[in-house]
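Hi,

Here is the structure I promised to pass on to you.

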Amino acid sequence: MSSLSLSLSPTPVHGLRDLFWLPIEQYRKDGRIMRGLQRGAASFGTSTASAALELSNRLVQAIQATAETVYDILSPTPPITKALTDRRHLRRSRRGQQPADLREGVAKAYDTVREGVLDTALTMCDVAARGHEQKGLTGAVGGVLRQIPPTVVRPLIVATEATSSLLGGMRNQIRPDARKDDSLKWRSEENRE
């Protein structure tokens with residue numbers, strides 16, 4: 001368990017240390033041990049909640065990556081329109097941008113769901129139109145049928161992306177310095193590439 005919490009971030013260990021050290025420190029300072037217990041419990045609670053949200057977010061992101069791989073495997077053709085391709089690249093480039101707080105996380109999750117529904121609808125309409133142009137009604141129906149397997153996986157991708165935004169917003173609401181740490185991590189990873 002300790003190796004798992006250490007691999008996430010130093011905050012769980014910091015919170016555990018604060019749970020015991022802050023009461024002692026407060027007692028030495030002014031004799032108010034209850035105040036130290038309150039501060040220690042608050043620090044421990046914050047760091048534990050932050051670590052749990054971070055772990056949950058990593059699990060959701062792993063599910064999302066798996067769903068995206070399945071989607072790519074099931075897709076009969078590459079993205080059909082340039083607008084869809086541009087939108088997907090834009091969404092992937094925004095992944096490194098964590099929401100600042102819960103309000104921003106909810107807004108980002110809503111935008112993700114809205115864009116996901118629009119992308120799916122546009123893809124289905126475009127496939128039907130192209131199939132109808134090439135082979136008539138049978139081509140349109142065949143094109144739509146070929147899009148059903150990836151379209152079934154698409155809501156999972158959208159849901160995990162929205163959930164990741166919510167979890168990131170909650171974590172950054174609890175611990176605002178985590179967002180700054182993430183942005184520094186993303187910058188260093190981009191500089192390596």
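Below is what I found, starting with the whole chain and then going to single residues.

First, some ground rules. This is a predicted model, so local features need pLDDT of at least 70 and side-chain atom pairs count only at pLDDT 80 or more, while totals for chains, interfaces and linings use all residues. Residues are numbered from 1 along each chain as its sequence is written, and side-chain values use heavy atoms, leaving out hydrogens and water.

**The whole chain**

You'll find seven helices and zero strands here. Helices (H or I, at least four residues) and strands (E, at least two) are DSSP runs, numbered from the N terminus. Of the 193 residues, 34% are buried; that word means under 20% relative accessible area, with exposed being over 50% and partly exposed in between (1.4 Å probe, protein chains only). About 12000 Å² of the chain is accessible surface, and carbon and sulfur atoms own 64% of that. Those areas come from the Shrake-Rupley method with a 1.4 Å probe, and for residues only the protein chains shown count as cover.

Now for contacts, meaning heavy atoms within 4.5 Å. Taking those between residues at least 6 apart in sequence, 73% join residues at least 24 apart.

**Asn172**

Asn172 sits in helix H6 (residues 137-174). Why does Asn172 count as buried? Because its relative accessible area is 1%. A polar atom of its side chain lies 2.6 Å from the backbone oxygen of Pro99. The side chains of Asn172 and Arg171 also make a polar contact of 3.4 Å. A polar contact is a pair of N or O atoms within 3.5 Å; within protein, one must be able to donate a hydrogen and the other to accept it, and residues adjacent in sequence count only if both atoms are side-chain atoms. Not counting residues up to four places away in sequence, Asn172 touches Gln98, Pro99, Ala100, Ala178 and Arg179.

**Leu102**

Leu102 belongs to helix H5 (residues 102-135). With a relative accessible area of 36%, Leu102 is partly exposed. Which residues does Leu102 contact, leaving aside neighbours within four places in sequence? They are Leu166, Gly169, Met170 and Gln173. Leu102 and Leu166 are 64 residues apart in sequence, yet 6.6 Å apart in space, C-alpha to C-alpha.

**Ile33**

Last, find Ile33 in helix H3. Ile33 counts as partly exposed, at 43% relative accessibility.

Cheers
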